[in-house]
Amino acid sequence: MRRVLVVGISGAGKSTMARALEGRLGLPFHELDALHFSGPGWAVSPTFAEDTARLAGTERWVFDSLGYPNVRDLLWERADTVVWLDHPRHVVMRRVLLRSLHRSLTRERLFGGNRESWREWLRADHPAWWAWRQYGPRRAEILRRSGDPRFAPLELVRLRSPRAAEAWLREPGGAA
């Protein structure tokens, strides 16, 4: 495992898993949302695709995202391992709701200095609504990509629960 893509729906624990792999394997961790959002109003970085391509072109990394559409194939082509956090919907929904609630209450600074606000809960692209709608389609896309010959040879580690993810990280050969 030298180039690892941690995938799943919002709330699955992608960033947490990627940070754990960073520590365990000594891989540089790149948070894709931090590269994507560069300023106020959730502005997208004008150099996002180039920055991502530069980082994905190195020999060792871990990214925490399926990938935004303009860099998705690039990340999948360069990865040697995909860790899929394929947790049940009730698990990810509880997590994304609690995370967004916490962020809204504390006004936590996020990518590009942005913050989640109460007003955003009414928008269709709020993380909670997005995760609910995209749960099935995201799973289908990851399953399709994991079997796509364009991305072979690619090791797929499919973890179907938080307990399975924790156990895999603890295994001597799990995340090695």
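## Methionine 17 and its contacts

In this predicted model, methionine 17 touches Val6, Val83, Leu85, Leu159, Ala165, Trp168 and Leu169, leaving aside residues up to four places away in sequence.

Apart from the core described below lies another, of 22 residues. Leu66, Ile142, Phe151 and Leu154 are among its members.

## The largest nonpolar core

The largest nonpolar core has 24 residues. Val6, Met17, Leu21 and Val83 touch the most other members. Two or more residues each come from strands S1 (3-7), S6 (81-85) and S7 (155-159), and from helices H1 (14-25), H5 (89-106), H6 (127-146) and H7 (162-170). H1 gives the largest share, four residues. In soluble globular proteins, nonpolar side chains tend to be buried together.

## H1 against H7

Two packed helices are described by the angle between their axes and the distance between the axes. For H1 and H7 the angle is about 5° and the axes lie 11 Å apart. Angles under 35 degrees count as roughly parallel, so H1 is roughly parallel to H7.

H1 brings Met17, Ala20, Leu21 and Arg24 to the contact. H7 brings Ala165, Trp168, Leu169 and Arg170. By class, six of the contact residues are nonpolar, two are charged and none is polar.

## Helix H5

H5 has 18 residues. Its first and last C-alpha atoms are 26 Å apart, close to the 26 Å expected at 1.5 Å a residue. The buried residues of H5 are Val91, Val92, Met93, Val96, Ser100, Arg103 and Ser104. They pack against H6 and H7.

Just after H5, arginine 107 takes a positive phi of about 60°.

How values were computed
Residues are numbered from 1 along each chain as its sequence is written. This is a predicted model: local features need pLDDT of at least 70, side-chain atom pairs count only at pLDDT 80 or more; totals for chains, interfaces and linings use all residues. Side-chain values use heavy atoms; hydrogens and water are left out. A nonpolar core is a set of buried Ala, Val, Leu, Ile, Met, Phe, Trp, Tyr and Cys residues joined through side-chain atoms within 4.5 Å. Buried means under 20% relative accessible area, exposed over 50%, partly exposed in between (1.4 Å probe, protein chains only). Contact means heavy atoms within 4.5 Å. The expected span of a helix is 1.5 Å times one less than its number of residues. Axes are lines fitted to C-alpha atoms, for helices over the stretch in contact, and angles run from 0 to 180 degrees between N-to-C directions. Angles under 35 degrees count as roughly parallel, over 145 as roughly antiparallel, 65 to 115 as roughly perpendicular and the rest as oblique. Ala, Val, Leu, Ile, Met, Phe, Trp, Tyr, Cys and Pro count as nonpolar, Asp, Glu, Lys and Arg as charged, and the others, Gly among them, as polar.
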